[in-house]
Amino acid sequence: MSTKIFNTAEVQDFLRLASGLTQEGGDARTKAIVHRILSDLFKAIEDLDISSDEYWAGVAYINQLGTRGEAGLLSPGLGLDRYYDMRMDAEDAALGVENGTPRTIEGPLYVAGAPVAQGFARLDDGSDQQGHTLIMHGTVFGADGQPLPGASVEVWHANTKGFYSHFDPTGEQKPFNMRRTIVTDAQGRYKFQSIVPAGYGVPPGGPTHVLLQRLGRHGNRPAHIHFFVTAEGHRKLTTQINIDGDPLVHDDFAYATREGLIPPLVERTDAASIQAHGLTGPFAEIHFDITLSALVDGVDNQLVNRPRLAA
């Protein structure tokens with residue numbers, strides 16, 4: 001359709017009406033956001049000549065996305081989560097704030113309330129028969145470069161099938177399997193024993209998978225381990241490490257890979273290493289130190305509050 005009406009007074013007045021700008025009451029911030037999104041959508045309909053059929057297919061897609069609970073999965077897949085990280089990086093640069101350990105996306109599979117352990121935790125319950133033992137450890141440092149005793153290191157990851165406890169469609173995992181909060185010891189150290197996780201793909205045939213296919217993209221993630229790290233006087237760090245050697249380390253559909261977040265994975269088979277960790281056989285080892293950034297004018301200026309599952 002060659003007719004252009006977006007910039008007419010009638011359409012602009014209608015946009016103000018539909019977004020509540022002509023009404024008393026309501027929330028001014030919500031009105032401003034809705035007005036902008038509606039305006040951009042109206043303009044896209046005109047510029048791209050989006051048909052009614054295409055529009056209603058989009059409405060049906062959004063309904064399906066919500067029904068399947070995949071909005072939090074599609075968000076990183078379309079790069080929105082990464083874009084927020086880019087914005088926070090830019091804000092830090094403008095303020096002269098230096099981050100020791102890079103931030104990266106949270107993902108949709110965190111669950112609050114994991115058991116708390118002091119210094120060391122066993123994450124897995126031993127039920128994953130394909131699991132290869134992993135020992136991961138490091139030190140949490142403050143912005144001044146000194147170790148941080150009493151820091152909280154929340155960690156969660158998938159099993160060898162790529163499933164997370166509380167979200168496992170097989171029902172095989174118990175609550176909080178491979179999820180713990182580890183409080184660093186007097187030297188700022190944390191350590192855990194678990195298994196090397198596997199990567200995962202978006203649910204086959206689901207709305208996220210369908211859209212990614214339409215974009216000519218895959219929906220797979222490399223194996224990775226998530227972290228929230230908090231300590232008094234410091235900003236909360238949201239990050240994750242990728243498992244070194246995974247073929248998708250630099251081809252993550254969620255765009256979470258960053259330099260500094262691919263620590264070496266070393267296979268240990270010697271008797272001394274096995275004995276030192278109290279194990280009975282070969283294992284993989286990752287050493288990963290974490291450096292936090294200080295509060296900005298006494299506050300965490302980038303703290304993200306979002307709906308999260310609690311159990």
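The points below are grouped by topic.

The model is predicted: local features need pLDDT of at least 70, side-chain atom pairs count only at pLDDT 80 or more, and totals for chains, interfaces and linings use all residues. Residues are numbered from 1 along each chain as its sequence is written, and side-chain values use heavy atoms, without hydrogens and water.

**Domains**
- An automatic or database assignment divides the protein chain into domain 1 (1-50) and domain 2 (75-310).
- The centres of domain 1 and domain 2, taken over C-alpha atoms, lie 41 Å apart.

**Helix pairing**
- Helices α3 (residues 52-67) and α6 (residues 207-214) have axes that come within 9 Å and cross at roughly 135°.
- Y61, Q64 and L65 of α3 are in contact (heavy atoms within 4.5 Å) with P207, T208 and L211 of α6.
- This contact of α3 with α6 comprises four nonpolar, two polar and no charged residues.

**Largest pocket**
- The largest pocket holds about 660 Å³ of space; a pocket is an open set of points on a 1 Å grid, for a 1.4 Å probe, with protein on both sides within 12 Å along at least five of seven lines.
- Lining residues have an atom within 4 Å of a point; of the 29 here, Y84, M88, E106, V304 and R306 are closest to the pocket centre.
- α5 (80-95), α4 (71-77) and β11 (237-242) each supply at least two lining residues, and α5 gives the most, with five.
- By class, the lining has ten nonpolar, ten polar and nine charged residues.

Notes. Axes fitted to C-alpha atoms, helices over the stretch in contact; angles between N-to-C directions. Helix = DSSP H or I, 4+ residues; strand = E, 2+ residues; numbered from the N terminus. Nonpolar A, V, L, I, M, F, W, Y, C, P; charged D, E, K, R; others polar. Points joined across faces, edges and corners; volume = space filled by probe spheres on them.
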